[in-house]
Amino acid sequence: MSAIRKPVLPPATLGILGGGQLGRMMAQEARRMGYGVAVLDPSPGCPASHLADHHIQADFSDAAAVRKLASLSAVMTFEFENVDPSVMDGLESFPSLDPLFISRNRWREKNLARNLGISTAPFFAVNSLSDLRSACANPEIQKCKGAILKTCEGGYDGKGQWRLQKEDLDAAKTTISLDQFAESLNQELRTIFTGPRADFSSTTTGSDGAAFEPSIAMASEQTPEFILEGMVDFSLEFSIVGTGFSDGSFHCYAPVRNEHRNGILHRSLSSANLEKESRDLAVQYASSLSQHFRYVGTFAVEFFLENGKPVFNEMAPRPHNSGHLTMDAKISSQFEQHIRAICNLPAGSSEALCEAVMINLIGEDNSDLSGLEKALEIPGLRFHWYGKTESRKGRKMGHITAIHQDLFEAEKRAHQAFECLGWARQ
Ligand code: AMP
């Protein structure tokens, strides 16, 4: 489809659907490289709008506004996965809608991984309390130390997830009635499965646009409302951030180690220190996803490391928070690679300039920057602030990255800076 595309050179305009921090960082790189930027986002003053030549302030489902964005742009891309396919009818985008269609639904995503031979946690479809109960009783799930019930669509940063401990799994095996099993679950789950939402006769496919025909056979398949996933007993979490190019090549950075707090990424370290075999396997998994989709653009694959082996968690079809350290520590950042790919230019270098530790600055009701001056005294500290108009609890407001040749030293400095900013309480 895109193999014979002509390169898109500056000062052409790049169109971005979504004007949050990812759109902003794409726009920053696009501007540095001499491109114009058009952004569509409903929020006035959204982070990317400060860097855009054109801000179309409209809803993401406004087809006319999306057409306007397309008319201003030489290339269209996204900063998020929940793009309504019907508004893209007949419009070309990079990446294409296929990876978005798959990755926005955990059922499709995990099945694709499984079909590509990528190791995943055991998972089962759940549409009712009786499905939940039999999934809990499944021997593959019973082998795990617990399980997580996840909504197939719409969950992010740990939202839409309920943890079931070993006792809950045991209750599923031994309890005679469903009501009794429901009793053994936490309050929220009980409400879901015994309350008004208990009838899941209609399932979500994610695609209601008649004109959108994903090339993947699974498209017409009905997907469940939830999946139950076995809890992976991981030693660490890591991600592969990489970029697919029109010539079929895939270029990725060294695996990044990720640590979460309250289901949100807290920090990323430039090296996950994996054994060569695990690293190669994870890169092979990411590369097979890239090839499957003939992916053009940057994406991330999140993994658990269990018994030294990578286990697929999820894929994000866009630049990713765990790749932010590439802006300060790699020759070409994830955003530069994304722009090179979508503009059909050669790949940049994913090589490291140094080690780095990135820490997210997650909002409280008030996010004050009074410690910033002190933090900026720390050598090798890079500060990124997204210019959001309002701080809210759990909102990503910015991040800091400490760079150094030595990872341990970078880690120490990142933490000093984080302490100065006084946000250590999250
Ligand atoms: P997710 O939204 O699926 O990426 O989940 C958010 C976080 O919850 C992950 O980064 C893990 O820390 C944890 N988590 C999710 N799924 C599992 C699992 N199957 N086993 C263990 N931990 C998990």
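The domain bounds used here come from an automatic or database domain assignment. With those bounds, domain 2 spans 122-230 and domain 3 spans 236-425, and because both give residues to the shell around the ligand, the ligand lies between them.

Before going further into that site, keep in mind that this is a predicted model. The protein chain has a mean pLDDT of 90, with 91% of its residues at 70 or more. The stretch to watch is residues 199-220, where pLDDT stays under 50. The model still has 50 contacts beyond four places in sequence for that stretch, but where pLDDT is low, the predicted coordinates should not be read in detail.

Now back to the ligand. Its shell counts 16 residues, and K150, E229, V232, E237 and E314 come nearest. Sorted by class, you get five nonpolar, five polar and six charged residues. As for secondary structure, four strands each supply at least two shell residues: β6 (146-151), β7 (161-165), β8 (226-230) and β14 (309-316).

At G230 the backbone takes part, with a polar atom 3.0 Å from a ligand nitrogen. Over at N313, a polar side-chain atom sits 3.0 Å from an oxygen atom of the ligand. As for how much of the ligand is covered, on its own it exposes 470 Å², and the protein buries 94% of that.

Terms used. Residues numbered from 1 in each chain as written. Predicted model: local features only at pLDDT ≥ 70, side-chain atom pairs only at ≥ 80, totals over all residues. Heavy atoms only, no water. pLDDT = per-residue confidence, 0-100. Contact = heavy atoms within 4.5 Å. Near = heavy atom within 4 Å. Polar contact = N/O pair within 3.5 Å; in protein donor to acceptor, adjacent residues only side chain to side chain. Areas by Shrake-Rupley, 256 points an atom, 1.4 Å probe, with all protein chains shown as cover. Nonpolar A, V, L, I, M, F, W, Y, C, P; charged D, E, K, R; others polar.
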